[in-house]
Amino acid sequence: RIHTKQPLVMASSRFSGKVADVYATLFRQNQPAWNKLVHAVKAHTAAKGIAAPKVIDVASGPGEPGRTLATEMPAASVLITDVEQDMVDLAKANCAGIDNVSFQVTSADTLEGVADNAFDAMTVSYGHMFVNLPLALSSANRVLKPGGVLTSAVWNNIGMLDFVKLLSQEVTHVPIAMDPESLSDPNLLEGSLKEAGFDVTSVDTDAYTFKFTADQAELALRAAALLQCELLDELPNGWERTKELWDDFIKSQGWLKADGSIETADCCFRVVTAIKQ
């Protein structure tokens with residue numbers, strides 16, 4: 001068995017200060033994945049002739065792709081969810097003035113408080129890597145209508161994760177707590193969807209880079225070290241050692257441009273779309 005527009009408002013108890021700025025910058029650059037998720041929902045509901053679909057966006061963080069769905073599908077009703085109240089509050093701020101959205105604090109694992117057989121479509125953007133996958137997919141099956149669509153974006157590889165691994169070995173000596181590439185093996189998500197009662201209808205693979213201007217050099221450094229920021233804050237000379245490692249890394253990888261800007265290698269993702277049986 002298989003286991004396992006408008007500027008965005010960003011801040012939270014866990015992502016505060018400079019870390020919040022880092023997360024905001026990275027979050028905004030995920031638009032290519034959001035576009036594919038929205039396209040999958042549009043294509044499915046159009047093919048089914050659903051004029052006013054009900055859509056749930058799970059693990060939405062500060063509100064995407066739920067906000068994009070709501071603005072591009074004004075006849076839809078979009079429920080934006082996240083396990084963190086702070087993130088739901090940010091999603092509300094980011095969706096100010098959009099009438100066809102609602103919000104709920106709930107875990108992607110259980111979707112507690114979400115009605116059964118209630119939604120025509122579900123989107124999950126970079127959330128399934130960090131959940132109890134069999135439980136989350138069982139919950140997705142529960143809340144989707146028969147024939148409803150689930151479309152999920154997951155990472156295949158992220159260039160910056162190579163630096164995080166190096167940082168873990170050379171500076172913090174602490175393993176990475178969360179692995180964004182945990183579903184890079186297609187058997188994990190696609191196979192788990194089949195076990196959970198879904199038929200996988202498409203897998204769309206694509207890539208994009210993360211870009212930082214020359215005046216965002218510190219932001220780029222903190223983005224690269226995001227998964228270990230708190231550890232580095234506590235280590236004597238932690239950030240100084242990290243900057244030295246980062247400067248050498250971006251030069252060796254060819255990411256540092258002549259104008260001082262930084263552009264990572266392609267970060268590959270896939271969007272898996274499946275239908276509830």
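Me: In which sense do strand β1 and strand β2 pair?
Reply: This is a predicted model. Strand β1 covers residues 54-58 and strand β2 covers residues 77-82. Within the pair, V55 has V78 of β2 as its bridge partner. Four bridges join the two strands, and the sense is parallel.

Me: Which are the edge strands of the open sheet?
Reply: The sheet has seven strands, with mixed pairing. Their order is β3-β2-β1-β4-β5-β9-β6. Neighbouring strands are turned by 20° against each other on average, direction ignored. Each edge strand pairs on one side only, and these strands are β3 (101-105) and β6 (198-208).

Me: How many bridges join β6 and β9?
Reply: In the sheet order, β9 stands between β5 and β6. The pairing of β6 and β9 is antiparallel, and the number of bridges is ten.

Me: Which residues of β9 point the same way as C267?
Reply: In a regular strand the side chains alternate between the two faces of the sheet. C268, R270, V272, A274 and K276 point one way from β9, and C267 points the other way. Both sets are buried, and ten of the ten residues of β9 are covered in this sense.

Me: At what angle does helix α7 run to β9?
Reply: Helix α7 spans residues 186-195. This helix lies across three strands: β5 (144-157), β6 and β9 (267-276). Its angle to β9 is about 10°.

Me: How are α8 and α10 oriented to each other?
Reply: Helix α8 (residues 217-224) packs on helix α10 (residues 238-253) with the axes 11 Å apart. The angle between them is about 95°. That value falls in the 65 to 115 degree range, so α8 is roughly perpendicular to α10.

Me: How many nonpolar residues are in the contact of α8 with α10?
Reply: From α8 come A220, L221, R222 and A224. From α10 come W239, T242, K243 and W246. One residue of the contact is polar and two are charged, and the nonpolar ones number five.

Me: Which residues of α8 are buried?
Reply: Helix α8 is mostly covered. The buried residues are six of its eight. They are L219, A220, L221, R222, A223 and A224.

Me: Why does T242 count as buried?
Reply: T242 sits in helix α10. Setting aside residues up to four places away in sequence, T242 touches F163, L167, V171, L221, A225 and L232. The buried class means under 20% relative accessible area. T242 counts as buried because its relative accessibility is 0%.

Me: Is Y126 buried or exposed?
Reply: Y126 lies in the loop between β4 and α5. Its phi is near 55°, a positive value in a residue other than glycine. With a relative accessible area of 11%, Y126 is buried.

Me: What separates the C-alpha atoms of V131 and A59?
Reply: V131 is in the loop between β4 (119-125) and α5 (133-143). Leaving aside neighbours within four places in sequence, V131 contacts A108, D109 and A136. V131 and A59 are 72 residues apart along the chain, and their C-alpha separation is 9.8 Å.

Me: What is omega for the bond that joins E64 and P65?
Reply: P65 belongs to the loop between β1 and α3 (66-72). The peptide bond from E64 to P65 is cis. Its omega is about 10°.

Me: Near what value is phi of N237?
Reply: N237 is placed in the loop between α9 (229-234) and α10. Its phi is positive, in a residue other than glycine. The value is near 60°.

Notes: Residues are numbered from 1 along each chain as its sequence is written. This is a predicted model: local features need pLDDT of at least 70, side-chain atom pairs count only at pLDDT 80 or more; totals for chains, interfaces and linings use all residues. Side-chain values use heavy atoms; hydrogens and water are left out. Axes are lines fitted to C-alpha atoms, for helices over the stretch in contact, and angles run from 0 to 180 degrees between N-to-C directions. Angles under 35 degrees count as roughly parallel, over 145 as roughly antiparallel, 65 to 115 as roughly perpendicular and the rest as oblique. Contact means heavy atoms within 4.5 Å. Ala, Val, Leu, Ile, Met, Phe, Trp, Tyr, Cys and Pro count as nonpolar, Asp, Glu, Lys and Arg as charged, and the others, Gly among them, as polar. Two strands pair if DSSP finds at least two bridges between them. Buried means under 20% relative accessible area, exposed over 50%, partly exposed in between (1.4 Å probe, protein chains only).
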